[in-house]
Structures are given as structure tokens and as C-alpha cells.
Amino acid sequence: MPPPTAGRLSGLLRRCAAAKALPTGAQLHAQALVGGHLPQATVETDLVLLYCRCAALPCARKVFDAMPSPSMHAYNILLAASPPRLALDLLSGLLGAGFRPDCYAVPAALRACAGLQDQHLGATLHGFAVQLGFLANVVVTSALLDMYAKAGLLVNAARVFDEMPERDSVVWNCMVTAYARAGMAAETLELFRRAQVEAVNMVRDLRAVPSVLSICGKEGELMKGREVHGRMVRCLAFDSDVPIGNALIDMYAKCGHVDASRAVFAGMQERNVVSWSTLISCFGVHGKGKEALRVYKKMVSERVKPNCITFTSVLSSCSHSGLVTDGRMIFESMSRFHGVKPTAEHYACMVDLLGRAGAIEEAIRFIKKMPMEPCASVWGALLSACAMHNNVDVGEIAAYRLFELEQGNASNYITLCGIYDAVGQLDGVAGLRSRMKELGMVKTPGCSLVVVKGRAHAFYQGSIPRYLKRQILWILDRLLKDMGNLESEYEHAHQYYEPTKH
């Protein structure tokens, strides 16, 4: 059988690249070398394509560097496959070779800028794309939008979005996710609503849905979250989509509907470790530690391997519910039975667990045995425990460590002030407040948010006028009386409608 020609080799290499058949492609590479078909621009470019498609980037780079004069096509292939820093180096080489970036090179370079969050080079490429007339290309504008979104320049991203002649579902998803990542709830929900109406095939494109549900959970937008859930049910989308199921569990939990989280979890056709960990965290945050432990034990019994986030969730659940013995057993089982090495966050959970239970001396011994240097979260957990139990001596140790680790955090000073105040050490309170004044520290006041007719109203301590306080207290008193009357009426009716026992 005669050896394959260069044209035949090129066709076979492309087929191997499409099938990601690396071993066969490597054999063809050897045949090209033996048959004297290298260097040859087409064969070399197809070899670069093969190795890039098969994630063998060092081999692709070796072939590329051996090319006497790489083609624009070879540059584009390697640009698209390279990590950000190498991609930008390739872009410099492309320009140095006298090539002008085309509508394939510019998106690859913009993706590299997005990865490195290099907004200045990204803006330069934006101007370059305008000069060359590439903004009519949806791939270029999508990459440009993504670059601005990941750099946090949402005004620029929105301008690109509004000026796009056509938008596919990728563009809509990118913009919705960008708003969600920035915590802009109103913009996220409005754009998602528009996308369902205006975008083609957006109804079944679910990539932005977890971000939308996340923002609903953070903002307590239960009705909006239910609306998204209903939309997913109507298009039969979420049953087999694990990330959406996980996002729904989290959203309902953050909105206080634990039973809804449980129902979503039960209805999921597929679950992963994130699903189990999210449900455990859901029960833990709401003080249902025993339920969280039950879910954890079921997870282990179904041979789902817990990860470090799972253990953080279950240890936090034990801490919030005072399950000290269970927490100790789970912590000890991490490395012994599950092969998960405890991190500083897990040690912080254990310190919190012991501290809440009043075992502060044991918490100190636990910190001393840590294989790593205790971080701020560990000392913070100990300080909180000391504030709970008015332990001045240990509280001072924890607080002064935190003063070193978190120099600009006023909360640590406020917590120690609270401990001094609780035990009557007024000199300590005065000294700390004087020190805070010297450092220019001001504690951000806590606030409550109430949403009325779609508008959020913030209430800070001391910000409500006295006349409004009187009105609020009067209305609250009336509401309590009305609720008490309704409860009495319900109990009275229940006496008459209670089923007869035989």
C-alpha cells in the first residue's frame, strides 16, 4: 500500500480532530514525518488543530513553533485554545508577523482580556473592532459584552448590548448573569422577563436561570422566584437540570420556605453533591440540625461522597442546633473515613460549635491543636462565643488577634465593647471607643429593608422620626389585636367543627 499523500494526511487529521482521536492522529503525525510531508503549511495547520481539539496544547505549540511561517488560520486555532496570558502573547506575534486580526482572532483576544480582567486592552480591541467593522458580527459583540461584564463595567456592557443589531440567547444570558453577579436585582429580573419575550429559543435556554434564582434568594423575592419556577415547570425544563434544581432549593431556603426546598429536592430526577450540601445548609440555617444530620446520613448511605462544602454545611448545622457530640463525630470522620482534610473553615465551625455550647476552654485547646495558623474566622467564632457567655479574658485574646488580622474591621471592637459593657467594665468600653476614634473607625449601622409596591425602603437605627414611631407602634398594636381576635375566632369555630370520635 503506497504511503498517503499530503492531501490525504490532511483530510485524515481533520477527521481525527473532529473525533478527538489523539492516538490515531499521533500515528498520522509520525507518518507525515517519515513520508517527508513536513514542513508543509496545510498539514502543520491540521496538526495544530488536532492537538488543540484533543487538549494537547504543548504538542500544538511545538508544531506551531516549528512552522517556518504560520498562517493566519494556525494563529486563530491556537489563539482560541490557549490560556489568557499565552493568547495575548500569540496576539503580539500575530501583529508582529504582519497579520491583521480578523473576526476569529478578535473574539479569542477579548476572551483572554475577560479572563485576565484587562479592561484597558479590551477597550483597545473594542476600538479596533469598530474600525474594522466587526460589530455587526454577533460572535465579536458577544465576546466584547462578556469582557465588559466580567470586568464589572456594566454601563459599557449595557451599551454594547443595546447597540447590537441582533442578539442570540448567549448574549441575553451573558447580560442577565452580569446583572445578577453585580447584585442588581431589578435589572436582572426585568432583563430576564424581556428575554423570555424577545429572544429566540430563550424559553428552553436555561443558562441564566440559576443566576436569576440566586438573586431572588438574596433579595427575598419569593414571588419572582416562584414565577421562574412555574415557567420552568411549564416548559418541562427543571426536572432533569441539576443546577436549576440546586438553585431552587437555595432560593426557597433563603426566602424561609424550607418545605418547598425539601419538595424540590425530592422531585429532582438527578442529584449531585451540591444538591445534598445545599439541602443540609438549608436545614442548618433554619435551626433544624437534626433534619440536616438525617439528610447527611442518607447522603452517605446512598454512596454520594461528601466534599469540603458538605462538611462546612453539616458542621454549621450542628453548631446552630447545639449538637456538640454529633459535630465532634463528623469532624473526626472527615479525614478518617471520607478522605477530606479539614480546612481552617472547618476548624472555625468546630470552635463555633464548642463556643456556643459554653465549652470555651475546650475551644481554645482545639485552636492550639490546629495544623495551620488560625485565621480570622476562627478567632471571630471564639470572640462571638465569648460575647455570648461574657468571657472577658478569652474575649480579649480573640479580639486582639483579630485587631491584627482585620485592622479595618470595626465590628471586632464593637463586640469586645459589648463584652466589657455586659460585665460592667466601663473603663474598657471608654478605652476601646477612644482607640476607635483615633483610628477613624465608624461602624456601619444595621438596617432593615421593606419592599412596598416594588420599592425598597431602608430603616436605620435612629433614622425614624418620633411622630412616625408613634404611628408605627399604633398600627402594630392594632394588627396584633386583630390577629389575636382571628385566632380566638378560629379556636371557637374549631370547637364546633371538630370531627366526632367514635
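The buried residues of helix α5 in this predicted model are Met72, Ala74, Tyr75, Asn76, Ile77, Leu78 and Leu79, where buried denotes under 20% relative accessible area, exposed over 50% and partly exposed the range in between, with a 1.4 Å probe and protein chains only. Helices (H or I, at least four residues) and strands (E, at least two) are DSSP runs, numbered from the N terminus. Because seven of the 10 residues of α5 (residues 72-81) are buried, this helix is largely enclosed by the rest of the structure. Its buried residues pack against α3 (41-53), α4 (57-66), α6 (84-96) and α7 (105-116), contact being defined as heavy atoms within 4.5 Å.

Residues are numbered from 1 along each chain as its sequence is written. Local features need pLDDT of at least 70 and side-chain atom pairs count only at pLDDT 80 or more, whereas totals for chains, interfaces and linings use all residues; side-chain values use heavy atoms, with hydrogens and water left out.

The secondary structure of the chain amounts to 27 helices and two strands. The C-alpha trace spans about 95 × 60 × 55 Å along its principal axes, and 41% of the 502 residues count as buried. Of the contacts between residues at least 6 apart in sequence, 57% join residues at least 24 apart.

A search of the whole structure finds zero disulfides, a disulfide being a pair of cysteine sulfur atoms within 2.5 Å. Cys255 is in no disulfide, the nearest cysteine sulfur, that of Cys216, being 7.4 Å away; Cys255 is buried, with a relative accessible area of 18%. For Cys386, the closest cysteine sulfur is that of Cys417, and the separation of 15 Å is too far for a bond. Cys386 also counts as buried, at 0% relative accessibility.

Ala385 lies in helix α23 (residues 376-389) and counts as buried at 3% relative accessibility. When neighbours within four places in sequence are left aside, Ala385 is in contact with Gly355, Arg356 and Ile360. The C-alpha atoms of Ala385 and Gly358, which are 27 residues apart along the chain, are separated by 7.4 Å.
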